[in-house]
Amino acid sequence: MKSAAKIIRNLNVCRLRSQDYAICSAFKELYRQLDRTSGSTASPISDSWDLLTILLGERDISDKNSQKVSIKSFEFAAEYSNLQPDPSKPTSSLKKKLVKNGRSWLERQFLEFMQLQVQQHRAAIGGLPSLIDIARAYLQIRISQIGVWRAQLLEIHGGVPLFALVFVLVRAGCLKEAVRCVQAQAESLAHSEDARFQNYFEAWVTSQAQLPTGTGKLPDQLRGQLLQEYNTRVRHSVKLDSTGQWISGDAFKLALYKLIGRADLTKKALVAEIMSTTEDYWWFQLALTCEEFAPNEPVADRYNVSQMSHMLQRFGADHFSSRGKTPIVWFKTLLLAGEFERAVEYLWNFEQFQTDAVHFAIVLAYYGLLRVPESPYVAEVGMTLLSFRQQPRQQQQLPDISSLNFARMIHQYSRSFVKTDPTETLQYIYLVAMFGAPLPENISNDDADYEIVSTTKVAAAREYTRVTLTQIREVILLLPKEKYPILVGTSQKDGSGAPSSPTKKHKAETYRPEIEEFGPLFHITTHKSYLNQVVRKAAEIADKDTSRFQDSIMLFDIAEQYDMVVAVINRQLADQLSSSTSAPTAVLAQSPSPADIAMAEQLIKYYQGFPTIWNSQIATTRKQTVTTLLGLHRFITMAQSARPAASLKLLEELNLVPISSDPVAPSRLEAHTAVLDALDPTVAALVPAIMVIAMRLLHEDWKVAKEKKDRERERMRREAARSLVVFAGLVMFRIPQDVYAVLNRFDVMM
């Protein structure tokens, strides 16, 4: 999805500039636009982005008047990694914030649903209805038109079904309006068995307003009084028939007492008529949870998000998603339960939602709400890794902590378009290093903070940097060569003519290729580190594959490993010139690839134009070797064109073997033996085959001279052949026996 990839790139650019980026809101707006384009209402994925935006408390980029402060990268990482699932342990404010925001999202949805219902049924509520008017009209619709709630089951105060109205307002998050309703019926309540309800309710609303810093619970004394009333007269006031249908008692009153006092937590459900949707169930569970408990608080009164998650997972995905038909429902269930790793992996298991799963994972990772395994190389099948949690004896079982193999997910997702759009692929790969740390060889003063973390954590984090670098190199090796200047770098030593960097504001700034430009995101902060860790190592991988000759020399050249460039050229030319080891006397049937030769000659000429490179950064032996190999290429090419005399003249200039027409002189042969001793092994290995080719050329030219009765030329070729045979005898231990035999046979024929 191009639009999603653009968001990822924007995220990385902001990270590079140390700027905040409301990525969740960006995805939310993207899906809103897609919904508008298709003419549909909010899609399940669009709804999920809305939920996550609210859960995180991220600023909505479409709301110009939003007063929310931007969330920082990894803002929740420290708290999330240290969350305590045990109700007996202290907790951070993060869980309470997630619960509060999750409830807010569900309450806002319900309020919008109420307003829509009232509008669709055209209830008579006046021109500018208040929230209380809307709630009252909604109740009337449910009672009289839909027929779910019957008036005779609701307790009336001042002509109003008070508990039903208050519950609906609480469900919609309208707590102030709910308090006003209760206060309006204070006199009626004072003369009823629920005389203390106003005190309970107002105290509870006050505690809710203090979240997430407060506990959200009633003061102990008030809760004790409420529980006494609940157990003596409210708990059993609602009756159901054999089919589970509500037949007597005000179920809304029961729900409010249960909610306010967190009463009878062994039963966490309400009658179906007032908890008719999955969203109602989610909301009531979140509303019952509490993250802070006194040391002496009974186990039965403890119910936090981790316990809620454990209960939901016992029900399982099929219970909420109609056996996989509506997977987004279970995905949102896990999000609301704070089970982010499980939520992402569950969505990933559905092929049509894998792209969405990756982007949800990225957002959660960016804000520090995603646990990953210590090593990205874990061998477990799938994306999640469960670690056992020791359970306290007195506590009910808690779910294991899960981690998501983020690196594997990014790799599997991005490889699907690595060949069609490597630039986008790289943007995704950079994200893996969010969990990384600078490698020891790359640490600068700016990275000193990483050493504050324990050695174990730093070592684990470095594995994520390494896997990121590995994946970047893999992409580089799949790039078409025309992409090298933009993404990897240019071989132009002065940078002239290089394309502009995509993140630079001013063209006058020093050019850096795009991968290097994003280097700080994967802990590469210097040009030297970039060349060594990225380009040079990619070149070394390419160098292991003989079919990637041009890739390896281009990458070594970009990495400023000029000596290696010449070494690779030498090896490639030598390999292409080598005769078969099984038939060392065979004529070389193939000359080197014209394209490879052209590139080699161009690079050598180019380096010679830079004295600092040619004179001091390339070994003398390698320069001599490449000169010889290129000369041999010209020799082989000419030999194949049936020009023996010209070919022999060129070979004589190379001074590899003695083929001059001068009489055989020991000193001259010894000099050639010394030359052979000094040759690079790649060239020395070619000498036997070159001697055979030279002897055949001498024989061919000798025959031409004989036919033309050119006696002097005949003599010269015989002398040259004799020199070659004598020389072969001197170095017999270095050449195959059959080569010596071939040379002797030709010598006899001449």
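Helices α34 and α35 run roughly antiparallel to each other, where an angle under 35 degrees counts as roughly parallel, over 145 as roughly antiparallel, 65 to 115 as roughly perpendicular and the rest as oblique. The model is a predicted one, in which local features need pLDDT of at least 70 and side-chain atom pairs count only at pLDDT 80 or more, while totals for chains, interfaces and linings use all residues. Residues are numbered from 1 along each chain as its sequence is written, and side-chain values use heavy atoms, with hydrogens and water left out. The protein chain has 35 helices and four strands, these being DSSP runs numbered from the N terminus (H or I over at least four residues for helices, E over at least two for strands).

**The chain as a whole**

- Of the 750 residues in the protein chain, 53% are buried, a word that stands for under 20% relative accessible area, with exposed meaning over 50% and partly exposed in between (1.4 Å probe, protein chains only).

**Helix pairs**

- Two packed helices are described by the angle between their axes and by the distance between those axes; here the axes are lines fitted to C-alpha atoms, for helices over the stretch in contact, and the angles run from 0 to 180 degrees between N-to-C directions.
- Helix α34 (residues 711–730) packs on helix α35 (residues 737–749) at about 155°, with the axes 10 Å apart, and their crossing is left-handed, meaning that the near helix is turned anticlockwise from the far one by less than a right angle, whereas clockwise would be right-handed.
- That contact is formed by Ala721, Arg722, Leu724, Val725, Ala728 and Gly729 on the α34 side and by Tyr740, Leu743, Asn744 and Asp747 on the α35 side.
- By class, the contact of α34 with α35 has six nonpolar, two polar and two charged residues, with Ala, Val, Leu, Ile, Met, Phe, Trp, Tyr, Cys and Pro counted as nonpolar, Asp, Glu, Lys and Arg as charged, and the others, Gly among them, as polar.
- Helix α8 (residues 175–184) and helix α10 (residues 197–209) pack at about 165° with axes 10 Å apart, which makes α8 roughly antiparallel to α10.
- The crossing of α8 with α10 is left-handed, and in it Leu175, Ala178, Val179, Val182 and Gln183 of α8 meet Phe197, Gln198, Phe201, Glu202, Trp204, Val205 and Gln208 of α10.
- The contact of α8 with α10 comprises eight nonpolar, three polar and one charged residues.
- The axes of helix α26 (residues 562–577) and helix α29 (residues 620–639) come within 9 Å and cross at roughly 30°, again in a left-handed crossing.
- Residues of α26 in this contact include Val566, Ile569 and Leu573, and those of α29 include Leu629, Leu632 and Ile636; the contact of α26 with α29 divides into 11 nonpolar, three polar and two charged residues.

**Buried sites**

- Helix α7 (residues 162–171) is mostly covered, with 10 of its 10 residues buried, among them Phe163, Phe167 and Arg171.
- Asp250, in the loop between β2 (246–248) and α12 (251–261), is buried because its relative accessible area is 3%.
- Leaving aside neighbours within four places in sequence, Asp250 is in contact with Leu153, Leu154, Glu155, Phe163 and Val238, and the side chain of Asp250 reaches the backbone nitrogen of Phe252 at 2.9 Å.
- Thr673 lies in helix α31 (residues 666–678) and counts as buried at 16% relative accessibility.
- Not counting residues up to four places away in sequence, Thr673 touches Phe727, Leu730, Val731 and Arg734.

**Backbone geometry**

- Most residues other than glycine have a negative phi, and most peptide bonds are trans.
- Leu211 and Pro212 are joined by a cis peptide bond with omega of about 5°, and Pro212 sits in the loop between α10 and α11 (220–234).
- Ser18, although not a glycine, has a positive phi of about 60°; Ser18 is placed in the loop between α1 (2–16) and α2 (23–38) and counts as exposed at 68% relative accessibility.
- Phe74, in the loop between α3 (44–56) and α4 (77–81), has a positive phi near 60° and counts as partly exposed at 29% relative accessibility.

Note on methods:
Contact = heavy atoms within 4.5 Å. Polar contact = N/O pair within 3.5 Å; in protein donor to acceptor, adjacent residues only side chain to side chain.
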